[in-house]
Each structure stands twice: as structure tokens, then as C-alpha cells.
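Dear colleague,

I am passing the structure below on to you, together with some notes on what was found in it. Please look through it first and then read on.

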Amino acid sequence: MTTPDFAPDSRDTDIDRSLVERQLANVWSTPRGIFGALATVDHKIIGRRYIITAFVFLALGGVLAMLIRLQLARPEARVFSPDRYNQVFTIHGANMMFLFAVPVMEAMGVYLVPLMVGTRNIAFPRLNAFSYWMYLAGGILLWAAFLLDMGPDIGWFAYVPLSGPQYGAGKRADMWAQMITFTEVAALAVAVEIVVTVFKQRAPGMSLDRIPLFVWSMLVTSFLVIGALPAIMVSSTSLILDRLVGTHFYNVAEGGDVLLWQHLFWFFGHPEVYIIFVPAVGMVSTIVATFARRPTFGYLPLVLAVIATGILAFGLWVHHMFTVGLPRLGESFFTASSMAIAVPNGIQIFCWLITLWEGRPVLKTPLLFVYAFVVTFVIGGLTGVMVASVPFDTQVHDTYFVVAHFHYVLIGGAVFPLMGAIYYWYPKIVGRMMSERLGRWVVGLVFVGFNLTFFPMHLLGLNGMPRRIYTYQSEMQWGSTNLFISLSACVLALGFLLFFYDAIRSARKGPPAGDNPWDAGTLEWATTSPPPDYNFAYIPVVTSAYPLWDEREALPVATGLRLDRREIVVSTVGDARPEARESSPRNSIWPFWTAIATSIMLIASVFSPWAVIWGSVPIAVALIGWFWPKGVPEDDA
Amino acid sequence: MKQRAVLDLSRLPLHGMGSASVTWWGTLSFMLIEGTGFALVIGVYLYLESLAPEWPIGAPLPDLGPGSVLTIILLISVVPNLLISRWAGREELRKVQIGIIVMSLLCVAPLVLRFYEFPALHVRWDSNAYGSIVWTLLGLHMSHLATDLGDTLVLAVIMFTKHGPNKRRFGDIQDNALYWNFVVLTWLPIYGCIYWIPRL
């Protein structure tokens, strides 16, 4: 990381472009080798790592899902023991929510938001590196615990008293609670980075009404993370305290309360659903505009709908608790709010339909995934309005009806758009196209496989099959439907396998993508595929919401940035007027050491409360190493 | 694609202060996260209190002494804290150096007092849910005091090195001062909860 040829304060003005690019590459590059890999703070490398890791966890969680289907395929099966089964469904749920769905959405933001707002790196790039290592450590903790037969067996929401000291013997519940700590630290860090990147690092001219819709979605998601995740931190920490040092938060005999857990958990747990879903609607809005060949209909309603969804998300949590015997008036309020959230979501659906109706839709794989999403999500939304009603919910609570409902909204509502988004942005990230022919097969297999798998679960639920049961007797008459579901799940799994095959194969064999293969309108397509280390040689100047469509002749850009340090533009929150040239931190190994030190402290604290004290010392040392000025140009103003 | 230069940024400052700095916004975001955490724990306190037939549960009222002295010290500390932020804005190194030493001492004092606060509660964390929540409230706030002390000490050392007289460091001083205000401000509702709600 030297800056040989350029004196301090040298600028890019009046220097040949190729020289500018060479010097920027010099200043922003990630060195090869292990050290470079551990020390990098490039949002693209970290984002890519995050995405790949999340998909590995998706695959692992999928294996558990297939094991569950194997066990349930026939009555009285004994594929594995009831104890193992409890771990399998708990880890399937916890893995999919905490290690796949939330991280993968944030990861897409980590990779794409800086490119879409026209900056050179995410805000707080070292925090970003730290976040990834924490996430990875949390994932390894959960899976290592499972392999050591220490996996949590308490359901993904870990209700007390089952997870408390009285019933949850051993360290299984602690593994769940501490995995939460890891992943939430990671998620909160990314949320802060995205909020500040969107507020302060937008390219000059990108006023609030020119922010790409995906970026709006990630901004709202980040605020949801900031508002909701502290609740799960409070609940998991108090659970560990009850289990480890004998506090009584959830011990009724000593003035504690079990419903307190459910309130805290669902105050996080319901917004969590929208933390997964809101990025997905941003992906849909982006894909719809590009393939309808026109700006989305109703930019303002779409933005307002996303914000309204984000606010209403915090007023719904009690609908997960309708059967615990709360006051009637409270239940009515939460029924109303649960139905109200269908309104902004309905508005979005209609905006997308109008965009497609008014445009000239090009039926490529990403858009096919959007079609699959609309159909599936509407079904999931309708059953959502059904279970918002207390009498109906009382009948189907804890049955397979609910399992069907949330898989419709989570897979249909979030995973389908995500897969569409992968087909859409893969060329930008990798520089090569995925296969259109295989893509159509993937959409078909996943869509058909999904609906054949999960639609019959509604019926099983109405017929009384409870969630989480290990097995059932043949007299219950659920056998043939369950066998059908398990066979259908193979079709769904085949679709995912084909998707993974296509993604891996195309990285080497896909046709080169070029800068803008879809002729899209937003800034990430203004640079090469994959983007250079510095993203943009010259920071774009934005004049509309789809700058690449409206500036076809030549993209307006800004000059005058320094070449001897990593420099970005800081702009005002409202109208993105440039107000400073700020430095962006260089690569550093310290976030990695901080994550190692934090992991040691967190894991040791499951076994001894004193670990919090002695474990803080290495963390403090690592943090000082992280923040101590190194005398490089980035450290000085 | 083709590009045309339309804007020259070379006259912009090399580092923005206050709301023009990304770290200022980062500090604000972390305050939002931690503020939500504090609000939730206070919510837990009120929730448990609303369920309990008597409050405090099985313990006498907490002594007012240590907690009130700590509150007064925290409130007094706001004055030098605001001053150091102003001096940092004017980049007056000598005054900032003196101020950061004063602030380091003012961070240590409440931490010392906190060790007298825990016994003044007259209940252990493992006695009952009341003990659990008041210890958690004090402990959570104490972790913020300790973090800010560490931050302030490191900054104090840096201000006496060659890295001190630098616009970016002065910005760090301001962000640190902002965070201390947050630590003081969040203490007030916690103080009200622990010491005055049981007296209502």
C-alpha cells in the first residue's frame, strides 16, 4: 500500500484517465494472500463473502428440511431419535432466520448500496469486516454445537420455561442465545453502515427523490434492524443470565414472568419478518423497472409504502400471542394493525402490476422470479390476513397451517425475489451471465416444487396436524398428504440444486457480461463488471432517478478528488449537496483480531460469567489497535 | 460508458465536522441502538413492577445516597463536556488537553460510586425478579460508563502525541463528548426507575 508517484494532495483533475485509474487501483487494492484476505475492507469482497456464506447456510438448512421431510414422510417413522429431531427443526429455523435470511439481505445491501449510491466504499468499512467475522463465528458456533450433540432443541423462538434453567439442562439453549448475540452484533453493525452510507455518501445530486428503490428498502430495513434487534439482545441476554447466574426474569415463583419472553421475542420477531421482506420488495421494484423498460409506476407511493410497512411492523407482535389469553381489547388492536399492514403491501403490488402493464416486459429469468413472487406472496398474504383474526388463529395456532403461511411469505415473499436478484446482479458481481435456459428451469422447478410442497400443509393444519411433532399415528390419516409433500420437496430441492449448479458453473463458463447487460438505469451499471476496487474512477453526478437512462450520451461526473489517499464524497442528507471530501479507512487486520477476541469472550461467557471481565481485556487491546492513528494520509484531515 | 466532467470538488474541505462527518452519524446510530436497548430494559422494569403485588419485592427501599451523588456528578460533568466540545470545534489543543484530563476523572468518579450503589439496593440479583432487573439496569449503564472511560482515556493519550493536533482528532473529541451526553441523559430515567418509582 504505497503511494509512490503522487505527492500529498495530488488531484485527479487534468491527469490522464488511465493514470488516474492506475493510481486509484494502487490506493484501493486488496493485496493477494492470506493477510490481504483477512485484512480487506472492500465492501465488494466482504459482501460477496457474506452472500456466499449465507447461501452455504441455506444449503445446510435445506439438508435439515429434507431430513424433516424424510422423518414425516410416513407414520411412526424412526429416521432419527426424537431428541435429534428437536435439534433438527430448531436449527433449521434458527439457521434459516439468523444465518441465512437476514444476513443474505444485508449482504446484498453491503455489496450493492455503495455502488447504487455512487460511492467508493461503504461507511465504516472496518466495522463491515468485523461484522462478517462475527457472523461467520456465530454460524460456526451453532453448527459445531449441533455436530457435538449440543444443538439447541427449543424451537427457533426458544420459549421459556422450556429454554430456562429448569427444563433446558446442559448448554443447548445457551448455544442458541449466544448464536443470537453473534448474528445480531453483525446485523446491527451492517445496519449502521447502510444508514450512514445512504444518508451521507450519496453521489452529488442524488436527492431523496432520486434514491434507487432498492436503496430505500435497505435504508428502511436498517432502521428496522436498529429498532428490533435490541429486543432480541435483551431477551437472549436475560435468558443467559437466568441460566448462568440465577436471575429470575422468567421465574414466576420469584416475581418473573414467562409471557415477558414472548413480548420481548416477538417485539423483535415480527419486525424480523419485514427485515427479510422489505429488501425483497426493493429487489422486485428494481427488477420490474429494468425488465418493463420503464421507471416504476408510483415512485412516491412505493417509498411511502415501504416506510409505512416499516413503522407498522412494530405494532403487530402480539398477533403471535393470540392464544395466551391477553385482554380482548389488546387483541382487537393487534388484529386491526395486522390487517392494516396489508394495505401498503397491496399498494406495492398494484404499482408493480401497473408498471408491467404500461411497459414492454422482457421475460428474462429475474422477471419470471418476480411473477412467481407475486402469485406466491399474494397467497401467503391472504392466509396472513386470515390468521390475523383471533378466532381463526385460535383454531390453527401451532398447526401446519401456520407452517404453510410463513413459508409462503418467507420463501415466496423473500427467497423468490432474492433468487431473481441473484440472476439480475450476478453479471455485475461476477462479470459473467448466468444461464437463461437453466434459469427458466430453476424458476419452474422451484415455483412448482414450492407450491406442491407447502400448499398441502394448509390442509394438514386444518386437519389438525401440529407443528414440530416428531411423528404421527397412521389413524390420523395424514400419511398420504405427508408423503406427497415429501416427494414434492424433492422437486423443490432439485430446483435449488440446479440454481447452485448454474451459479457455480457460470462463474467460469458464463458469457462475459459487459458493463450493463440488461440496459438498466441505476448507477451500479455505470462501472465495469465486476467493479474495480475503487468502484468509480470519477464520482457520478446524478440528475434523475434512472441516470443511465436519462444520460445516455455521457454520464456527468465530478473531479477534484485526491489520489494519494482513499477519498470519498460526503454529501447532505436531503439534496445530496457535496460538503466534504472524506477519507475512507485502509485495510486493517484489527477488525479480524477484534472479532476473534469477542468470539472468545462470548463463547467462554456461556461457561463462566467471569469471562465477561477477563475477556474484555483482549477486546480492548484489539480495539485500541483498530482505532490508533497510523500516520497514513487517511488518518489526517 | 462515456463521461463528462461537470463538477469540481477540489475546493471541498478534507474532513467535515459535526453533521458533515460520517462518524458523527455513526455515533448517532449507535446511540439509537443503545437507547432502544435502555428503553426496552426500562420497559421490562415497568412490566415486572406492574405484575408484582408489592414493589420492591422482598427488599427495603434502595438507599438514595450513592445514586443521587452519582447523578449530581454526572450532571455537573455536562458543563466541562460541552466546553471541551466547543474547544475542539475551535481546535484549541491546550484547552482540549486539559479538558480531556478533567473528563477522564469525571468518568472515573461515577464508576467508583457505582460500587457503592449495588449494596445500596439491599437486594441481590438472584434474590428475585426485582433484584434481577435493578442489577441489570445498573450493570447495563455501568458498561456504558466503562466503555466511555476507555474511549476517553485512549483519546486523552492520543491528544498528547503527534497525532493530536489534527482536525480529525478534534472531531473524535466532539463525538466522544456527544456520546458522554448520551450516557448522562440515559441515566436520568434509570435513576428515576430504580430510586423513585418504588417511593411513589
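Buried residues make up 40% of the 200 residues in chain B, where a residue is buried if 20 or more other C-beta atoms, placed from the backbone, lie within 10 Å of its own, exposed if 12 or fewer do, and partly exposed in between. Please bear in mind that this is a predicted model, in which local features need pLDDT of at least 70 and side-chain atom pairs count only at pLDDT 80 or more, whereas totals for chains, interfaces and linings use all residues. Residues are numbered from 1 along each chain as its sequence is written, and chains are lettered from A and ligands numbered from 1 in the order in which they are written.

Chain B holds five helices and one strand, and along the sequence these follow the pattern β-α-α-α-α-α; helices (H or I, at least four residues) and strands (E, at least two) are DSSP runs, numbered from the N terminus. Chain B is more spread out than a compact globule, because its radius of gyration is 21 Å, well over the 16 Å that the globule rule gives for 200 residues; the radius is taken over C-alpha atoms, and the rule is 2.2 Å times the number of residues to the power 0.38. Along the principal axes, the C-alpha atoms of chain B fill a box of roughly 70 × 45 × 25 Å.

The contact between the chains takes 46 residues from chain B and 53 residues from chain A, two residues being in contact if their C-beta atoms, placed from the backbone, lie within 7 Å. On the side of chain B that touches chain A, the elements giving two or more residues are strand E1 (3-8), helix H1 (22-51), helix H4 (129-159) and helix H5 (167-196), and the largest share, 15 residues, comes from H1(B).

Strand E1 (residues 555-559) of chain A pairs with E1(B) in the parallel sense over five bridges, pairing being called if DSSP finds at least two bridges between two strands. Within E1(B), Ala5(B) is the bridge partner of Val557(A).

In chain A, the axes of helix H14 (residues 400-430) and helix H15 (residues 436-462) come within 8 Å and cross at roughly 170 degrees, the axes being lines fitted to C-alpha atoms over the stretch in contact, with angles running from 0 to 180 degrees between N-to-C directions. That makes H14(A) roughly antiparallel to H15(A), a term for angles over 145 degrees.

With best regards

Notes. Angles under 35 degrees count as roughly parallel, over 145 as roughly antiparallel, 65 to 115 as roughly perpendicular and the rest as oblique.
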